[in-house]
Amino acid sequence: MPARRLLLAALLAGAAPLAAAPTLAQDARPLQDLGGAISDAASALEDAGENALLVRDLLGMELAEPSGETAGTVRDFVVVPGGRLVAALVETPDGARVPVPFPAIKLADRGETARATLSRPLSEVTASDGFEVLEEAMPEGTDG
C-alpha cells in the first residue's frame, strides 16, 4: 500500500469513530483490548484498500457541490473525544468559514486524486434546521 495511504476508512464509512486514532486527553481511558484495536484497524485498512486516505490529503481539498461546482475548500476538521469526526470546516469562495457535518460529505479516491462532494447543496445544508446550533457549538478559532 503506498505510503500516502493510511487508515481513514472511518471517513469513507461516514464518520465512524477513528479506531486507531489517539483519544483526546479529556477522554483518555486505558485501551482494554490492544490486539482487537490492531485487528480492527488492519481489517478496516484491508477493506478500504486503495481508498484509504491521509487527513493531510483532505486538508486544502476542494469540496464540490452535487452539481460539480465548487462549494469551498476543506480547511479543518472537528473531532470530539473518543475520536469521532463530526464536521469539516469549509472556506467558501467568498471567504466565509462554514461547518459541514461530516456525514454530508462523500469521499472518493480516484487514482492519485481524492475527491470530496457534498451530498446536498451547501445552501441547503446551511438553511437546515439546527445549522445555527452547529455553528454555535463549533470550537473557538473556527470562525475564520
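**Around the largest cavity**

Me: Which residues line the largest cavity?

Reply: The largest cavity is lined by Leu58, Val74, Phe77, Ala88, Phe102, Ile105, Leu107 and Ala116 (a cavity is a set of points on a 1 Å grid over the protein atoms alone where a 1.4 Å probe fits but cannot get out, and lining residues have an atom within 4 Å of a point). This is a predicted model, in which local features need pLDDT of at least 70 and side-chain atom pairs pLDDT 80 or more, while totals for chains, interfaces and linings use all residues. Residues are numbered from 1 along each chain as its sequence is written, and side-chain values use heavy atoms, without hydrogens or water.

Me: Which strands supply at least two of the lining residues?

Reply: Both β2 (70-80) and β5 (105-110) do, strands being DSSP runs of E with at least two residues, numbered from the N terminus.

Me: And how many aromatic pairs does the structure hold?

Reply: There is one, formed by Phe77 and Phe102, whose ring centres are 6.0 Å apart with planes at 70°, so the pair is edge-to-face (centres within 6.5 Å, planes over 60 degrees apart). Because Phe77 sits in strand β2 and Phe102 in the loop between β4 (97-101) and β5, the pair ties together parts 25 residues apart in sequence.

Me: Are those two buried or exposed?

Reply: Phe77 and Phe102 are both buried, meaning under 20% relative accessible area with a 1.4 Å probe, protein chains only.

Me: Switching topic, where does Leu63 lie?

Reply: Leu63 belongs to strand β1 (residues 62-64) and is buried, its relative accessible area being 0%. Its C-alpha atom is separated by 9.3 Å from that of Glu91, 28 residues apart along the chain.

Note on methods: Helix = DSSP H or I, 4+ residues; strand = E, 2+ residues; numbered from the N terminus. Buried < 20%, exposed > 50% of the residue type's maximum accessible area, 1.4 Å probe, protein only. 1 Å grid on protein atoms, 1.4 Å probe; cavity = no way out; pocket = protein on both sides within 12 Å on 5 of 7 lines; lining within 4 Å. Phe/Tyr/Trp six-rings, centres within 6.5 Å; stacked < 30°, edge-to-face > 60°.
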